[in-house]
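Please consult the sequence and the structure while reading.

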Amino acid sequence: MNTTSLDSAGLGMIGSLLDYSDFGNGVVFNAATALDDATLDKPLEIGPGPGTLRRILTHTWAGEGTWLNRWRGETEAKWPGESTMTEVTIAELWSRMQSVRAERGKFISGLNDQALAREQVYRDSHGSLFTATLSDMLLQGIVHSIHHRAQAANALRRLGHPCGDLDYMYHARRSV
């Protein structure tokens, strides 16, 4: 088994990374609120993955919910059709993101270090079966969001609307 898990880092590190993730989501969603629908839905060569800023943000929200379900050991719901969500406003997506964040907070508050080492079995959106420790699954959920926030920041820049600083150390220095 791979030994790159967060088992030894514990819940404090996971909490710090989730706090940073929430901060980063706020930065990109806040930057996107100023954009009109035509800009949000402008096709961009960003791959692999969703090809508009709205779809990137939709994918980020959907991923947060999907990983939460996996962490809780729930059967994965069907992935939301990002191409059918072109009428969802950024404010609505942000509200949905906040709902997932609240549910995630309840889940995380019930964990202990022993739970992080627990192995879980889950299926991905293609139906493939995986086994991983909960700590590795938490890390993957966090990394998934970081990846798509980087896509969103890139999309914002390419659309002429740069967002604020997403650097982890910028966030950590602000927190002091």
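A charge is said to sit over a ring if NZ of Lys or CZ of Arg is within 6 Å of the ring centre and within 35 degrees of the ring normal. The charged end of Arg96 meets this description, sitting over the ring of Trp61 at 5.1 Å from its centre. The model is predicted: local features need pLDDT of at least 70 and side-chain atom pairs count only at pLDDT 80 or more, while totals for chains, interfaces and linings use all residues. Residues are numbered from 1 along each chain as its sequence is written, and side-chain values use heavy atoms, with hydrogens and water left out.

**Charges and rings**

- Arg70 lies over the face of Trp67, 4.4 Å from the ring centre.

**Salt bridges**

- A salt bridge is a side-chain nitrogen of Lys or Arg within 4 Å of a carboxyl oxygen of Asp or Glu; by this rule there are nine.
- Arg96 also forms a salt bridge with Glu92, the closest N and O atoms being 2.9 Å apart.
- Glu92 and Arg96 both lie in helix H4, four residues apart, about one turn of the helix; helices (H or I, at least four residues) and strands (E, at least two) are DSSP runs, numbered from the N terminus.
- Arg54 forms a salt bridge with Asp41, with 2.7 Å between the closest N and O atoms.
- This pair links distant parts of the chain, as Arg54 is in helix H3 and Asp41 is in the loop between helix H2 (37-40) and H3, 13 residues apart.
- Arg54 counts as buried because its relative accessibility is 1%, whereas Asp41, at 25%, counts as partly exposed; buried means under 20% relative accessible area, exposed over 50%, and partly exposed in between (1.4 Å probe, protein chains only).
- Asp22, Glu64, Arg101 and Arg104 are linked in a network of salt bridges.

**Aromatic pairs**

- Rings of Phe, Tyr and Trp (its six-membered ring) pair if their centres lie within 6.5 Å; planes under 30 degrees apart count as stacked, over 60 as edge-to-face and the rest as tilted.
- The whole structure contains seven aromatic pairs.
- Tyr20 and Phe23 form a tilted pair, 6.3 Å centre to centre with 35° between the planes.
- Both Tyr20 and Phe23 lie in helix H1 (residues 10-32), three residues apart.

**Nonpolar core**

- A nonpolar core is a set of buried Ala, Val, Leu, Ile, Met, Phe, Trp, Tyr and Cys residues joined through side-chain atoms within 4.5 Å.
- The largest such core has 45 residues, and Trp71 and Leu138 are among those that touch the most other members.
- The largest share of this core, ten residues, comes from H1.
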